[in-house]
Structures are given as C-alpha cells and as structure tokens.
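Keep the 3D view open as you read.

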Amino acid sequence: MRITVGISGASGVIMGYELVKALKRQDHCEVHLVLTDGAKKNFELETNIPIEEVMALADYCHSDKNMAASISSGSFVTDGMIVLPCSMKTLSAITTGYAANLLVRAVDVCLKEHRKVVLVPRELPFGKIHLNNMKQASDLGCTIIAPVLTFYNNPQSLNDQINHIIGKILMQFGLEHKKFSPWIGSE
C-alpha cells in the first residue's frame, strides 16, 4: 500500500504526526509526506517534536514547493491521500483546483485518478464558506472526517481522542488501528 499524507497549517498537527506513526505500523505501507510551511510553524508552536523527527517517520518527504515530485503525477500510483489537519485555506484550494503547492496538487491528482481522499478539516465553528467547501469536496469524492470528540469508548486522554480519529481514517483504507476502540454494541 502507498499513501500520501499532507499536513497543512491548521491547528492539530500532532494528529498528522500520530497518523504517520500509525501508518508506519501497518504491514507494507509506504508513506509519502508533504508538510506545508504553516504545518512546520505549528509543530514549533503546538508541540516539542522537532520537524526532522516528523519528516524522518515517512518513507519519502516531499517539499510542498516541489511540483515535480513523484506524487504530483497520476502515473505515480498511490492508494490515496489523507490531509490531517486540513486548513480552511487548503480545503478552499482543493475545491477550486487551485494547486499552488504540492499538497493540493497531490489531492488534485488523487481526485482525477479516482483515488480515495480523506480530509480532516480543523476549524471551529464552521462558517458557511467552510461548510460549502466541505460539501463541494464531498461532491468531488473526498471523505470528510471532522475530528469530533468521542465518548462511547470512555476516552481517558487526548491521545485516546486522537487515536479514535486515526482509527476512523484508517478504516477508509481498509486498515486497522490497534489503538482504536470501536463501538461494540449494547444489550
């Protein structure tokens, strides 16, 4: 399996980091990573994780300015792409096809090749423009997974909440996340 991960400049970059770690725990999963400048800045502001550590997790880390990277072409076959977190700027660029950086171009390529795209938008509250853009992205074929809190699995920490979102994302690709607690029903 080959998956591209985009981490944009929205708050919550730790979720993108944890996603890449979860993907690397999968058997035979090649990870291509694209970090925007905003994402790099948010790693500085929101975490104590050096950006080099984030980049080292991926099999390939592409500059968002390199429009000639392998993932910029549909002939480079992937199983799809995840943007976590997805800023409203990135969402807007995706819905309009404004591929001014590699992250958006890679999404555009996945959409034109009918590959899975999962967007995890980060904003609160969502404004009408944001909601319209999410609907437009969904109409284009993207799956929208907003990072909504979970309670049915009795989370005890922020990490439990993050693992729930990552589990939901990986399910879209037929993958399991060992740290995900699914609903098991009630009698």
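Val-31 counts as buried because its relative accessibility is 0% (buried means under 20% relative accessible area, exposed over 50%, partly exposed in between, with a 1.4 Å probe and protein chains only). Keep in mind that this is a predicted model, where local features need pLDDT of at least 70, side-chain atom pairs count only at pLDDT 80 or more, and totals for chains, interfaces and linings use all residues. Residues are numbered from 1 along each chain as its sequence is written, and side-chain values use heavy atoms, leaving out hydrogens and water.

**Around Val-31**
- You'll find Val-31 in strand 2, residues 30-35 (strands, E, have at least two residues and helices, H or I, at least four; both are DSSP runs numbered from the N terminus).
- Beyond residues up to four places away in sequence, Val-31 touches Ile-3, Val-5 and Tyr-60, among others (contact means heavy atoms within 4.5 Å).

**The largest core**
- The largest nonpolar core has 32 residues, and Val-5, Leu-19, Leu-23, Ile-82 and Ile-169 touch the most other members (such a core is a set of buried Ala, Val, Leu, Ile, Met, Phe, Trp, Tyr and Cys residues joined through side-chain atoms within 4.5 Å).
- Strand 2 and helix 1 are among the elements that each supply at least two residues of this core.
- Helix 1 gives the most to this core, 7 residues.

**Helix 2**
- Ala-39, Asn-42 and Phe-43 are buried in helix 2.
- On the face turned away from the buried side, helix 2 carries the exposed residues Glu-44 and Leu-45.
- The buried residues of helix 2 pack against strand 1, helix 1, strand 2 and helix 3.
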